[in-house]
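Dear colleague,

Please find the structure below for your study. My findings follow it.

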Amino acid sequence: MRSKDKIAYFYDGDVGSVYFGPNHPMKPHRLCMTHHLVLSYDLHKKMEIYRPHKAYPSELAQFHSEDYVEFLHRIRPDTQNSFRTELARFNLGEDCPVFENLFEFCQIYAGGTIDAARRLNNQLCDVAINWAGGLHHAKKCEASGFCYINDLVLGILELLKHHARVLYIDIDVHHGDGVEEAFYFTDRVMTVSFHKFGDLFFPGTGDVKEIGEKEGKFYAINVPLKDGIDDTSFTRLFKTIISKVIEIYQPSSIVLQCGADSLAGDRLGCFNLSIDGKFLSLWIYPSLCIIANVTGGGGYTKENVARCWTVETGVLLDTELPNSMNL
């Protein structure tokens, strides 16, 4: 990173205490593990640390429908059987279960990404990190793929108040469908997603032919990949595509979703990337005067997730960590 860069880091310990259920692959405890590693390697001493505000329902409704937000606010595990019609309507169930403190969980991770965008807008930092964010599948009126509130869309909407063009980059193994869908008809946000495609892999979207529509035509870029892609191939693709996108689109702000399920050995993933290969995606920032909002995302082998996001924090701080941290 540029030596003068100021990094803001958002974390609330409560976000890692929720429990999706005994057999569910999403383990928010990975966020506590990440934070403890960040502290152990003294990375917090090089950043400004903030506890995010809990996003208000009215803030969540900047993108999501009010009835959906209101339902998330009032549904509880002990009352959900009385709302079977609404559960089906809003796609809550096996993948997106109702659990204790669900709404507070959403408020915290969404609040972090919104706060990050506001600090960037006010020129109070150059890079803002919210590893709890990056839940890119949530739609306007429904949950999807372990995601309830789409914090990325909310953060981008905030950035658009001050920036004419925002570039969204998604390196999760799953297609960033919720973000792409939200901005599919506008040229003010360019979405670029690198993901596994085919073989009925979730969410089933992200074909190279999906390019946006109306004013947004050619402003959605999808890079569908096959099982087993390695560091060399991914890095070559990423650098070639992103460097050209930045040259042509000239964004003044970047939002990067760093889903860690693209790592080798992930419980739900199928790529063969190492942490070394994955953090190359963060090398787009040096020498570029572009502010950046960095979030987490998927990642279901939690020890690997914690190591990955800690190393990536180090990269953003221009701080090299021991080789034992890498896969």
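Is Tyr300 buried or exposed? Tyr300 is buried, with a relative accessible area of 9%; buried means under 20% relative accessible area, exposed over 50%, and partly exposed in between (1.4 Å probe, protein chains only).

Please note that this is a predicted model, in which local features need pLDDT of at least 70 and side-chain atom pairs count only at pLDDT 80 or more, while totals for chains, interfaces and linings use all residues. Residues are numbered from 1 along each chain as its sequence is written, and side-chain values use heavy atoms, with hydrogens and water left out.

The annotated residues

In the unreviewed UniProt entry, the annotation "binding site" covers Asp95, Gly145 and Tyr300; UniProt positions are given in the numbering used here, feature names are shortened, and annotations may be inferred rather than shown by experiment. Although these residues are spread over 206 residues of sequence, they cluster in space, with a largest C-alpha distance of 13.7 Å.

Tyr300 lies in the loop between strand E8 (291-295) and helix H10 (302-316). Helices (H or I, at least four residues) and strands (E, at least two) are DSSP runs, numbered from the N terminus. Leaving aside neighbours within four places in sequence, Tyr300 is in contact (heavy atoms within 4.5 Å) with residues including Pro25, Phe146 and Asp261. Asp95, found in the loop between helix H4 (84-89) and H5, is partly exposed, with a relative accessible area of 41%. Not counting residues up to four places away in sequence, Asp95 touches His24 and Phe146.

Helix H5

The 20 residues of helix H5 (residues 102-121) should span 28 Å at 1.5 Å a residue, the expected span being 1.5 Å times one less than the number of residues. The end C-alpha atoms of H5 are 29 Å apart, which agrees. Since 18 of the 20 residues of H5 are buried, this helix is largely enclosed by the rest of the structure. Just after H5, Gln123 takes a positive phi of about 60°.

Strand E5

Eight of the eight residues of strand E5 (residues 189-196) are buried, so E5 is largely enclosed by the rest of the structure. Val189, Thr191, Ser193 and His195 point one way from E5, and Met190, Val192, Phe194 and Lys196 the other way. Strand E4 (residues 166-170) runs parallel to E5 and is joined to E5 by five bridges; two strands pair if DSSP finds at least two bridges between them. Six bridges join E5 to strand E6 (residues 220-225), also in parallel, and Lys196 has Leu225 as its bridge partner in E6.

Yours sincerely
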